[in-house]
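Let's take a friendly look at one protein structure together. Have the sequence and the 3D view ready.

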Amino acid sequence: MPEAPSAKTTPPARGGAFAPGAHREALEFIEHVTANAGKVQRRVLAEILSQNAPAEYLCRYGVSGSADAVDAFLRLVPLVTYEALQPDILRIANGDTSPILSGKPISEFLTSSGTSGGERKHQPTIADELDRRSLLYSLQMPVMSQSVAGLDKGKAMYLLFVKAESRTPGGLVARPVLTSYYRSRQFLERAHDPYTEYTSPNEAILCVDSYQSMYAQLLCGLVHRADVLRVGAVFASGFLRAIRFLEKHWPRLCRDVRTGALDPEITDRGVRDAVGRVLRADPALADEIEAECGRASWEGIIRRLWPRTKYIDVIVTGAMSQYIPTLEFYGGGLPLACTMYASSECYFGLNLNPMCKPSDVAYTLIPTMCYFEFLPLHSSNNGKAEPSHRDLVGLVDVKLGHDYELVVTTYSGLYRYRVGDVLRVAGFKNEAPMFEFIRRRNVALSIDSDKTDETELHAAVSGAVQHLAPFGASLVEYTSYADAATIPGHYVLFWELRVGGTAVPASVFEDCCLSVEEALNSVYRQCRACDKSIGPLEIRVVSEGTFDKLMDYAISGGASINQYKAPRCVRPGPVVDLLDARVQGKYFSPKCPKWTPGNKQWNAAGREVLSNNGGTPAV
């Protein structure tokens with residue numbers, strides 16, 4: 001089989017080697033592994049089991065030492081969730097260096113935006129995974145260049161950020177997967193590549209102060225205004241935060257361009273030096289920026305500020321799809337490119353038609369990344385019996401139009417691990433299926449990297465309504481939605497109440513808002529209190545009988561009156577319009593919920609808990 005492009009030694013950050021031959025090799029690689037997906041997958045599983053043969057986990061199930069490890073694995077190894085692995089993860093975090101999950105040393109923990117019991121998941125990984133991630137990045141630009149010409153003739157304004165790191169009791173670093181990548185030699189020592197020339201200097205990307213990082217990256221993007229061919233961030237929500245930041249701070253940024261002097265509030269020495277290498281006094285450029293930013297409307301501001309831009313590169317699938325109208329407003333008709341599918345557990349695949357409409361995005365899973373299996377959705381939903389590994393189907397055996405939950409076996413030592421993503425087969429690239437991302441399993445609300453499920457939301461609401469009891473009021477029914485119309489977006493709860501004889505003061509409803517926020521997971525609270533990527537939670541009190549009207553609406557659309565139950569989460573559209581039309585009062589959380597960036601301890605369940613004695617900020 002052909003080798004992947006030369007990503008293993010000096011992989012570019014978000015694209016492939018620039019030589020035309022390298023682009024051709026990349027496309028041939030994709031063609032080969034998708035045409036032989038079944039054989040490649042069998043080889044990948046054999047490689048994983050051989051590499052991890054010493055792992056205690058595989059020994060438990062009789063896989064290690066078996067004459068046919070692949071056959072033994074397929075027969076014996078069960079489906080697992082993160083909770084089942086927590087005892088093993090805790091041992092690794094506490095410093096046990098024996099081969100528990102992996103035959104290779106664990107190099108660090110990757111913190112997931114998903115939560116377990118209200119705290120971030122921590123996925124152990126090995127050093128080799130950085131090369132696999134780099135490989136997938138190296139395939140992006142060869143694919144994109146088939147649709148968009150001339151991307152080597154300018155720069156990319158990608159807004160990339162890191163978060164602070166922590167360490168486990170055993171000394172291993174714990175950090176988000178993108179922070180790990182941006183701090184790696186694969187990113188920092190990448191070869192020069194005209195297809196991946198960034199406006200943001202590394203020093204600005206690696207600055208953990210989000211204000212200084214954002215300010216410096218936007219300033220450099222404005223300085224290189226005439227050269228920018230594409231703009232983007234990882235998630236749509238993050239890119240819109242940058243636009244909101246620009247709306248607020250453009251006069252200061254404009255002043256820096258005019259005078260050639262960086263704002264004194266940017267105190268990070270590395271950032272100042274890096275920006276100083278490109279910032280020069282340019283009154284004419286400052287006038288151009290001021291003319292565009294000073295207009296009454298910011299519609300089309302991306303295209304107006306960076307007129308050579310060909311597309312906006314952001315993830316707009318899943319929960320991020322709620323931001324598409326706002327992106328279209330600021331983009332002024334620019335295409336939205338959604339290029340890659342990845343998670344903390346593993347990087348998965350690419351959108352081979354990256355300039356398609358957001359509604360048509362489908363990811364082709366690259367068969368060399370890990371061993372893929374799929375749990376038919378009827379086996380993973382709320383059925384009576386727990387799903388079994390016997391229900392799984394392989395990568396080449398999925399059926400067009402069917403929904404599945406993704407299950408992976410990785411080189412790092414996850415075996416038949418339920419990722420939690422629900423995918424729909426939208427087509428095939430040779431033997432390899434193309435999947436539409438449908439949703440996260442059990443996730444009700446999400447604005448940024450937060451993921452709140454119905455159980456967690458219900459517990460938070462149940463606690464908050466206790467504030468109403470002294471006034472004789474109680475909760476009749478509720479639902480929620482993620483409001484992305486504001487920047488940043490925020491959670492909205494619709495409450496219908498049964499009131500007593502005493503009016504409930506506005507301050508009590510505000511206390512209810514804060515109580516809900518305090519009860520949500522640490523990822524949500526970090527987004528609210530530290531990252532400022534989520535706005536204050538809002539409660540909208542609706543009039544009596546509103547949820548009866550909601551049921552009438554559902555029944556008129558074909559729902560069964562015998563099976564109807566009020567949804568705990570709704571999407572923007574007619575249902576939200578119906579609820580909003582009956583709102584009697586709106587109340588917001590008066591302050592940020594508590595989130596302590598303290599030292600992290602590991603509890604007996606294998607999760608982090610926060611202490612209050614200062615130290616390393618949480619990731």
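Is Lys153 buried or exposed? Keep in mind as you look that this is a predicted model.

## A pair of neighbours

Lys153 counts as exposed, with a relative accessibility of 59%. Its salt-bridge partner is Asp152, at 3.9 Å from N to O. Asp152 counts as partly exposed, at 27% relative accessibility.

## Salt bridges across the sequence

In the whole structure, a search finds 37 salt bridges. One of them joins Glu31 and Lys429, whose closest N and O atoms are 2.9 Å apart. Glu31 belongs to helix 1 (residues 20–35) and Lys429 to strand 15 (residues 417–429), so this pair ties together parts that lie 398 residues apart in sequence. Glu31 is partly exposed, at 36% relative accessible area, and Lys429 is partly exposed as well, at 24%.

Another salt bridge links Arg258 to Asp287, with the closest N and O atoms 3.0 Å apart. Here helix 11 (residues 236–259) holds Arg258 and helix 13 (residues 283–293) holds Asp287, so the pair ties together parts 29 residues apart in sequence. There is also a network: Glu56, Arg60, Asp88, Arg91 and Asp96 are joined by salt bridges that share partners.

Now find helix 17 (residues 454–464) and helix 18 (residues 506–519), whose axes come within 8 Å and cross at roughly 140 degrees. That angle makes helix 17 oblique to helix 18, and the crossing is right-handed.

Which residues make the contact? Helix 17 brings Glu456, Ala460, Val461, Gly463 and Ala464, while helix 18 brings Cys512, Ser515, Val516 and Ala519. By class, six of these residues are nonpolar, two polar and one charged.

Conventions: Residues are numbered from 1 along each chain as its sequence is written. This is a predicted model: local features need pLDDT of at least 70, side-chain atom pairs count only at pLDDT 80 or more; totals for chains, interfaces and linings use all residues. Side-chain values use heavy atoms; hydrogens and water are left out. Axes are lines fitted to C-alpha atoms, for helices over the stretch in contact, and angles run from 0 to 180 degrees between N-to-C directions. Helices (H or I, at least four residues) and strands (E, at least two) are DSSP runs, numbered from the N terminus. Angles under 35 degrees count as roughly parallel, over 145 as roughly antiparallel, 65 to 115 as roughly perpendicular and the rest as oblique. A crossing is left-handed if the near helix is turned anticlockwise from the far one by less than a right angle, and right-handed if clockwise. Contact means heavy atoms within 4.5 Å. Ala, Val, Leu, Ile, Met, Phe, Trp, Tyr, Cys and Pro count as nonpolar, Asp, Glu, Lys and Arg as charged, and the others, Gly among them, as polar. A salt bridge is a side-chain nitrogen of Lys or Arg within 4 Å of a carboxyl oxygen of Asp or Glu. Buried means under 20% relative accessible area, exposed over 50%, partly exposed in between (1.4 Å probe, protein chains only).
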